[in-house]
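I open this notebook to record what I looked up in the structure, entry by entry.

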Amino acid sequence: MSPSVVSAHLLPSVVPMSEGGDGFVTPGVENFWWPIIPVDGTGAWTLTRPAIVLLLTVAFLGWFFVSVSGRLTLVPSKRQWMAEQTYGFVRNTIARDIIGAKDFKPFIPLLFTLFTMILVNNVAGIIPFIQFPTFSRLGFPIVLTLIVYVVYHAVALRRKHGVVGYMKSLVPPGLPGWLKPILFVLEFLTYFIIRPLTLALRLMGNMLAGHLMLLVFILGGEYLLLHGDSIGLKFSGILSFGFAILMTFFELLIEFLQAFIFTLLAALYIGDAVSEHH
Amino acid sequence: MTGDIAFLGYGLAAIGPGIGVGLIFAAYINGVARQPEARGMLQTIAFTGMAITEALAILGLVFAFVFQG
C-alpha cells in the first residue's frame, strides 16, 4: 500500500479555504474504494481492502470454530461457551422459531454461516487498524443475497411441486377473481425482485451510512481542530471527536442488529418456501 | 452555499420510515409491557416489521447517491 493511497483517502482536506485550498471536502462513497494491488485499468480484478478484510475474517472464523469444536468438553471453556451461545441463538431464536420445528434442521448451517460471517465482518468495521465494514461495498452483500435467493427458490420449487405449483401458491386462496391477477403481479415482484434487492441494499446501506457518519465526525473534527479559526471552533472539533466515539458504540449495536436482521429475513424467506400453504 | 439537492430529498424521504419505525417499536413496547411473556414472539415480529419499513429509507439513501449531481 503506497503512502499516497493512504493519505489520499484519510486526509481529503488539508488546505483550508483561507490559504487558497478547497476547504473541507466532505467524505463520500469514493472514500470506500481502497485499491491495494491494482491489476488493470477498470479495477474489476483489483485486490481491495474489503477483500483482504473478508479473507481475514474467513480465516478467523474457520480457525475459531474448528479449534473450538475440536476439543469440546462437558464443562465449557470460555471460547466454547461463546461458540455454543452463538449457535444456540441462531438455532433456537432464528431458525426454529421462524422456519418451524419440523423443517429447520437442514438450514442451520447456512443461517449460522450467514450470521457469524456478517457479524464478524461488520464488527471489523470498528476494530482499530482493520476498520473497514466489508459489506459497505455492494458486491459482498450481493453474493450473500444470491445464495439465499437460490436456496429459497429451490426449496419452494421442490416443496410446491414445480413451477406451476409455486406460481399458484403466490396468490392466497379465497380471493375474488378480479383481484387475483393484480395480487399475482405484486407477489411475483415481491418474491423475485424486491426481496433480494432490499436484502442486499439494507446491509450495504446501513454499513455505508454508519461508517460515513463516523468519517464525517472524525474528518470534520480533525479539520476544525487543525484549521479552525477560533478557540471555539477548535473546541467543537474535540467535541466532534467525542461524539465520534459515542457513535462508534452505536455502530456496534447497529452492526449486531444488521447481522441479526439479515439472518432473520433469510430464515423468513426460507420459512415461506417450506410452508405448505401461502 | 453549495450542495446537492438529492441529499435534501433523502432527508425528506427518511421522515416516513422514521415515523413508521417509531410506531412499530411503540406497539412492541406496549405489547411487552402488557404481556411480558410474549416478548420473544413480539421481538421477531417487531424486527421483521422494522426491516420492511426501513427498506424504504435504505432505498432513499441509495437513490440519493445514484441521482447526485
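Entry 1: I note that the model is a predicted one. I then looked up A:F65, whose relative accessible area of 21% makes this residue partly exposed. Searching the whole structure, I found 23 aromatic pairs over all chains. I located A:F65 in helix α2 (residues 49–70) of chain A and A:F112 in helix α4 of chain A; the pair links distant parts of the chain, 47 residues apart.

Entry 2: I noted that the pair crosses between chains, with A:F260 in helix α8 of chain A and B:F47 in helix α3 of chain B. Are these residues buried or exposed? I found A:F260 buried, at 7% relative accessibility, and B:F47 buried, at 11%. I also recorded one aromatic cluster to which both belong, formed by A:F89, A:F115, A:F256, A:F260, B:F25, B:Y28 and B:F47.

**Entry 3: charges over rings.** I found the charged end of A:R49 over the ring of A:W34, 4.4 Å from the ring's centre. I found A:R195 over the face of A:Y191, with 4.3 Å to the ring centre.

**Entry 4: nonpolar cores.** I looked up the largest nonpolar core, which has 42 residues; A:I99, A:L111 and A:F262 touch the most other members. I listed the helices that each supply at least two residues of this core: α3, α4, α5, α6, α7 and α8 of chain A, together with α3 of chain B. I noted that α8(A) gives the most, with 13 residues. Leaving aside residues up to four places away in sequence, I found A:F262 touching, among others, A:L114, A:V148 and A:L203. Apart from this core I recorded another, of 10 residues, including A:F132 and A:M204.

Entry 5: I placed A:D103 in the loop between α3 and α4 of chain A. I found its side chain in a polar contact with the side chain of A:R159, at 3.0 Å. Not counting residues up to four places away in sequence, A:D103 touches A:R159 and A:V274.

Technical notes. Residues numbered from 1 in each chain as written. Chains lettered and ligands numbered in written order. Predicted model: local features only at pLDDT ≥ 70, side-chain atom pairs only at ≥ 80, totals over all residues. Heavy atoms only, no water. Core = buried A, V, L, I, M, F, W, Y, C linked by side-chain atoms within 4.5 Å. Buried < 20%, exposed > 50% of the residue type's maximum accessible area, 1.4 Å probe, protein only. Helix = DSSP H or I, 4+ residues; strand = E, 2+ residues; numbered from the N terminus. Contact = heavy atoms within 4.5 Å. Polar contact = N/O pair within 3.5 Å; in protein donor to acceptor, adjacent residues only side chain to side chain. Phe/Tyr/Trp six-rings, centres within 6.5 Å; stacked < 30°, edge-to-face > 60°. Lys NZ or Arg CZ within 6 Å of the ring centre and 35° of its normal.
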